[in-house]
Amino acid sequence: MSRKLALVTLADGADSGRVAELESAAALGQHLPGTVGGGHYTWDGIDEPVPSGFEDVADVDLVELELIDGVVTDPGFAGEIKRTLLLRVEPDSPADSVAAFERDLMAMPDHIPAIVNWALSRVVGPPTSRWTHCWEQEYHTLDGLKVDYMMSPHHWGLIDGWFDPEMPRKIVDLDLAHVYHATDRSVLAAALG
């Protein structure tokens with residue numbers, strides 16, 4: 001099963017009227033302050049590129065995802081936060097290290113109850129994509145992400161070593177997209193359903 005997701009970046013000086021048209025024409029999640037490396041919007045479930053005529057869009061970073069695993073514990077999730085992390089595992093990383101990294105990510109919900117629904121996917125397209133993995137979660141509150149997840153001992157004690165240049169097991173490139181937006185529905189329940 002595959003699906004698509006895009007990070008959308010607006011052009012400098014984008015016309016607010018045309019941006020409002022784009023927002024109404026697509027299921028866009030506007031990124032909240034604190035987002036890093038991912039433009040202005042996440043477009044989940046995208047089928048087509050940005051409709052023609054929206055010259056106020058500077059970039060669409062489109063990826064095709066193939067699910068590794070995911071769990072929907074609350075299919076009726078009604079918000080509040082959807083987080084997407086697009087990352088690149090370095091190409092010379094040993095396969096057993098990549099597998100261990102994936103297992104460690106998928107174990108996070110066992111240690112961080114604030115993660116309501118989650119999915120880990122490999123990026124399988126386009127061939128030019130710089131990303132290799134997409135790690136998505138949904139939370140009932142922003143604190144679930146910013147406090148429970150980001151400050152978790154499991155995160156800092158285990159997961160961070162895959163990203164930390166001073167750790168011998170580092171395999172993740174630090175050029176990543178950590179984006180999150182408000183939502184009133186579960187994107188993952190629809191995607192994994």
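This is a predicted model: local features need pLDDT of at least 70, side-chain atom pairs count only at pLDDT 80 or more; totals for chains, interfaces and linings use all residues.
Two strands pair if DSSP finds at least two bridges between them.

Figure 1. Eight bridges join strand β4, residues 57-72, to strand β6, residues 117-125. The two strands run antiparallel. Find E66 and look across: R122 in β6 stands opposite. Now find G70, whose bridge partner in β6 is A119. Strand β6 is mostly covered, with seven of its nine residues buried.

**Figure 2. Strands β6 and β7 pair over six bridges.** The sense of this pairing is antiparallel. S121 stands opposite C134 in β7.

**Figure 3. F101 and F163 form an aromatic pair.** The structure holds four aromatic pairs. In the pair of F101 and F163, the ring centres are 6.0 Å apart. The angle between the planes is 70°, and the pair is edge-to-face. F101 lies in helix α2, while F163 lies in the loop between α4 (153-157) and β8. The pair therefore ties together parts that are 62 residues apart in sequence. Both F101 and F163 are buried.

**Figure 4. W118 and W135 form a tilted pair.** The ring centres of W118 and W135 lie 5.7 Å apart. Their planes stand at 55°, so the pair is tilted. W118 belongs to strand β6 and W135 to strand β7. The pair links distant parts of the chain, 17 residues apart. W118 and W135 are both buried.

**Figure 5. F101, W162 and F163 form a cluster.** Ring pairs link these three residues. Look also for R169, whose charged end sits over the ring of W162. The distance from that charged end to the ring centre is 4.6 Å.

**Figure 6. D104 is a buried residue of helix α2**. Why does D104 count as buried? Residues with under 20% relative accessible area are classed as buried. D104 has a relative accessible area of 16%, so D104 is buried. The side chain of D104 makes a polar contact with the side chain of W162, at 2.9 Å. D104 also has several contacts beyond four places away in sequence. These are with H154, L158, I159, W162 and R169.

**Figure 7. S93 sits in the loop between β5 and α2**. Is S93 buried or exposed? With a relative accessible area of 14%, S93 is buried. A polar atom of the S93 side chain lies 2.7 Å from the backbone oxygen of E90. Leaving aside neighbours within four places in sequence, S93 is in contact with V98 and I171.

**Figure 8. P126 lies in the loop between β6 and β7**. P126 is partly exposed, with a relative accessible area of 35%. Which residues does P126 contact, leaving aside neighbours within four places in sequence? They are L62 and V63. How far is P126 from W162, C-alpha to C-alpha? Those atoms are separated by 25 Å, and the two residues are 36 residues apart along the chain.

Key. Residues are numbered from 1 along each chain as its sequence is written. Side-chain values use heavy atoms; hydrogens and water are left out. Helices (H or I, at least four residues) and strands (E, at least two) are DSSP runs, numbered from the N terminus. Buried means under 20% relative accessible area, exposed over 50%, partly exposed in between (1.4 Å probe, protein chains only). A polar contact is a pair of N or O atoms within 3.5 Å; within protein, one must be able to donate a hydrogen and the other to accept it, and residues adjacent in sequence count only if both atoms are side-chain atoms. Contact means heavy atoms within 4.5 Å. Rings of Phe, Tyr and Trp (its six-membered ring) pair if their centres lie within 6.5 Å; planes under 30 degrees apart count as stacked, over 60 as edge-to-face and the rest as tilted. A charge sits over a ring if NZ of Lys or CZ of Arg is within 6 Å of the ring centre and within 35 degrees of the ring normal.
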